[in-house]
Amino acid sequence: MIRKHIYLFLAIVGFILPYYFLISFLTTHGFDARLFLTQLFGTPISTFFAADLLIACVVFILFLRQEAERHAMKHRWVYWLSLLTVGLSFALPLFLWARETHLSAGKIRGN
């Protein structure tokens, strides 16, 4: 299996799995932002994971900007939107899949 197919598979999993848990929460509690944040930061270990994820998102944004500019990739907003609406588990592999696709298209054209 080539790398871009692995990235696409991980993007699909990264979309489905987090939304399964989000939909489960919303089905049980409705859109209760206060409860959501209380549960997200309710224990030291959940706060650890939330802080780690937020830092990883900032790193991804910097990486996205640099790589998209370096490879003249269009539609950067798609990865921002995927990060803000789904999360890093979807946005990062989606971007890596798009980058691999972009790079392989450049090799085919001789760039």
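Colleague: What should I know before I start?

Modeller: Numbering runs from 1 along each chain as its sequence is written, and side-chain values use heavy atoms, with hydrogens and water left out. As the model is predicted, local features need pLDDT of at least 70 and side-chain atom pairs count only at pLDDT 80 or more, while totals for chains, interfaces and linings use all residues.

Colleague: How is a pair of aromatic rings described?

Modeller: By the distance of the centres and the angle of the planes. Rings of Phe, Tyr and Trp (its six-membered ring) pair if their centres lie within 6.5 Å; planes under 30 degrees apart count as stacked, over 60 as edge-to-face and the rest as tilted. A search of the whole structure finds eight aromatic pairs. In one of them, Tyr 20 and Phe 21 have ring centres 5.1 Å apart and planes at 80°, so this pair is edge-to-face.

Colleague: Are Tyr 20 and Phe 21 buried or exposed?

Modeller: Both are exposed. Buried means under 20% relative accessible area, exposed over 50%, and partly exposed in between (1.4 Å probe, protein chains only).

Colleague: Which pair links distant parts of the chain?

Modeller: Phe 25 in helix α1 and Phe 36 in helix α2 (residues 33-40), 11 residues apart. Helices here are DSSP runs (H or I, at least four residues), numbered from the N terminus. The Phe 25 and Phe 36 rings are edge-to-face, 5.6 Å centre to centre with 75° between the planes. Phe 25 is buried because its relative accessible area is 12%, whereas Phe 36, at 38%, counts as partly exposed.

Colleague: Which rings form a cluster?

Modeller: Ring pairs join Phe 60, Phe 63, Tyr 79 and Phe 95. Tyr 79 also belongs to the buried residues of α4, together with Ser 82 and Leu 83.

Colleague: Why do the buried residues of α4 line one face of the helix?

Modeller: Seen down the axis of α4, they fall within an arc of 100°, so they line one face. That arc is taken from the directions from the helix axis to the C-beta atoms. On the face turned away from the buried side sit the exposed residues Trp 77 and Leu 84.

Colleague: And where does His 71 lie?

Modeller: In the loop between α3 (44-70) and α4 (76-85). His 71 counts as buried because its relative accessibility is 18%. Leaving aside neighbours within four places in sequence, His 71 is in contact (heavy atoms within 4.5 Å) with Arg 99, His 102 and Leu 103.

Definitions and conventions: Helix = DSSP H or I, 4+ residues; strand = E, 2+ residues; numbered from the N terminus.
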